[in-house]
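This report describes a protein model chain by chain and contact by contact. The sequence and the structure are shown first.

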Amino acid sequence: MAKREFLSEVRSVLVVDRDDVTRRMLSERFASSEVEVSVALSADEALVLLAGRALEDRPFDVVVSEVSLLGSNGYELVGRVRTHEDPRVSRVPVVFLSSRKRPEDVVAGFRAGGDDFVAKPWDFSELEARIGALVRRMSDDEGGAR
Amino acid sequence: MTFYEAALAVAVAAGINLALIAYLVVRRLVMRPTPVMMEARSEEYASLLDVIAVSDEPASDEDVRALSGARRWERDLLTRLVTERVLLVTGDARSRLVDVLDRTGVVDERIKELEHPSVWKRRLAADALGRSYSERAISPLTLALRDTDPDVRSIAAKALGRFEVVSAIPYIVSLIRDLSEDLCAGIADTVIWFGVDAVGPLLAEIRRSEEDSDGERVRYWCATCVANIGSPSDADGDVVAAEALKPLLADPSDRVRRVAALALGNVGTARDAEALMPLLSDSERRVRCEAALALGRLRDPGTTEALLELFKEPDFDVSTAAGDALAEFGETGLELMRGYLRSVGRLQGAPATTEVGA
């Protein structure tokens, strides 16, 4: 299957969610659009993957994370990402995909350093459009900085 | 008994035992899956459903055949796996998953079971249909609101709440009449879920209950729903709702008076404050508290003196509620409380902006 419209510039995604069904569905969707997918259940696991990929000089294009994670939460994950010493980790865009969708949860997500917030249940097209826009903006910024 | 007769009896008994064991083994293999079988089938179905959900096309006939399990446990498994996914996604992905459940015949099977003589089957069927999100389930579930079993009626109402079928609201509200108290709480949750569309049917049910000698439960639960839903969508609706609630303020039941005060405070305006005033001297302290808080929300300046009198009550909860209500009036209410506290020596030389709290 060819790349979907909004994912044309997305090469890799890290999905962080403790729910098996969410991980499976997102993985299937991204993989069917030729996007490389990795999954993690906790913030610790996600950080190991993020740092590992940065060391290999092929950082993730975007992180899609639930707010409620095993042993921690998505806000903490973003906080640790944003303060990471490696800029290839600290600059990765983070989209929250969460069943916690009260206005205060959304505000807390942005305050922690998240770049976007999508509520569950989600629509695949909307999620992809948001991810695509974020990744495009990031690559534009990097192009401009060079 | 001859030797041959004894041998024959032993052989017959052994044969019966063997047949029984064989039956149990077959039943185990065919009817009841082993954990390994269940896990394998679960993985097979889940993988296929994930592909269908994220695809840009509806499920193929081949996919549907692969998901059409002949055994009951397979169909139950499919329902569970689809429900798990349907709750996570919207749009085309949800439609494709619901379509699979329809095309595999699971929805038809559950619809038939709504007429099964067994109450348990009907309850399970109503619950499964609500989780199927198939629009074909709406009509049978609406009929199930008149089932002879109260649990089936209650489950059907909750199922219709998931579909947000506005036309079913009057039926769902009317269930409060004949269900037990614990089931009413579930129905109330469903009705509240519908929001302002439910206010009209709730008010009609309140009016109807006034002619009913056993209508206390209906008035209490309907007013609870109105209180939680809040204001109707337009000014005319506000007036209608407030006028329908006012007779409940004089209800013999203290819980009806209390929840009516709460509801009027949520849907009414300052012109409805007058109707709440008698409740400030109600014999029940919780009614006085709720009336005070409602007056605070309505903010009619003419009620501040009465609230100040309530603020002087020795009952801590009532006094606190009156204080909270006065605080809603801003500086006017705060100054009234300060004046009183100074007069009784409980506040000395406080600056004008000091908050008067607990």
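## A buried ion pair in chain A

Both Lys120(A) and Glu66(A) are buried, a term that denotes under 20% relative accessible area, with exposed meaning over 50% and partly exposed the range in between (1.4 Å probe, protein chains only). The two residues form a salt bridge whose closest N and O atoms are 2.9 Å apart; a salt bridge is here a side-chain nitrogen of Lys or Arg within 4 Å of a carboxyl oxygen of Asp or Glu. Lys120(A) lies in the loop between strand 7 (116-119) and helix 6 (124-145) of chain A, and Glu66(A) in the loop between strand 3 (62-65) and strand 4 (68-69), so the pair ties together parts that are 54 residues apart in sequence.

The model is predicted: local features need pLDDT of at least 70 and side-chain atom pairs count only at pLDDT 80 or more, whereas totals for chains, interfaces and linings use all residues. Residues are numbered from 1 along each chain as its sequence is written, chains are lettered from A and ligands numbered from 1 in the order in which they are written, and side-chain values use heavy atoms, with hydrogens and water left out.

## Architecture of chain A

Chain A contains six helices and seven strands, where helices (H or I, at least four residues) and strands (E, at least two) are DSSP runs numbered from the N terminus. Their order from the N terminus is β-α-β-α-β-β-β-α-α-β-α-β-α.

Of the 146 residues of chain A, 50% count as buried. Among contacts in chain A with a separation of 6 or more, 64% join residues 24 or more positions apart, a contact being heavy atoms within 4.5 Å. The accessible surface of chain A is about 6,800 Å², and carbon and sulfur atoms account for 50% of that surface; accessible areas come from the Shrake-Rupley method with a 1.4 Å probe, and for residues only the protein chains shown count as cover.

## The interface between chains A and B

Chain B contributes 20 residues to the contact and chain A contributes 15 residues. The area buried between the two chains is about 1,300 Å², with 58% from carbon and sulfur atoms; buried area is the accessible area (1.4 Å probe) that two parts lose on being put together, summed over both.

Four salt bridges are counted between chain B and chain A. Arg24(A) pairs in a salt bridge with Glu43(B), at 3.1 Å between the closest N and O atoms. On the side of chain B that touches chain A, the elements giving two or more residues are helix 2 (35-54), helix 4 (72-86) and helix 5 (91-103) of chain B. Helix 2 of chain B provides the largest share, seven residues.

## Salt bridges within chain B

What is the total over all chains of salt bridges in the whole structure? The search finds 57 salt bridges. In chain B, Arg85(B) and Asp50(B) meet in a salt bridge (2.7 Å, N to O). This pair links distant parts of the chain, with Arg85(B) in helix 4 and Asp50(B) in helix 2 of chain B, 35 residues apart. Arg85(B) and Asp50(B) are both buried.

Asp61(B) forms a salt bridge with Arg103(B), the closest N and O atoms being 2.9 Å apart. Asp61(B) belongs to helix 3 (residues 61-67) and Arg103(B) to helix 5 of chain B, and the pair links distant parts of the chain, 42 residues apart. Asp61(B) counts as exposed at 52% relative accessibility, while Arg103(B) is partly exposed at 32%. Salt bridges that share partners also join Arg24(A), Glu43(B), Asp50(B), Arg80(B), Glu84(B) and Arg85(B) into one network.
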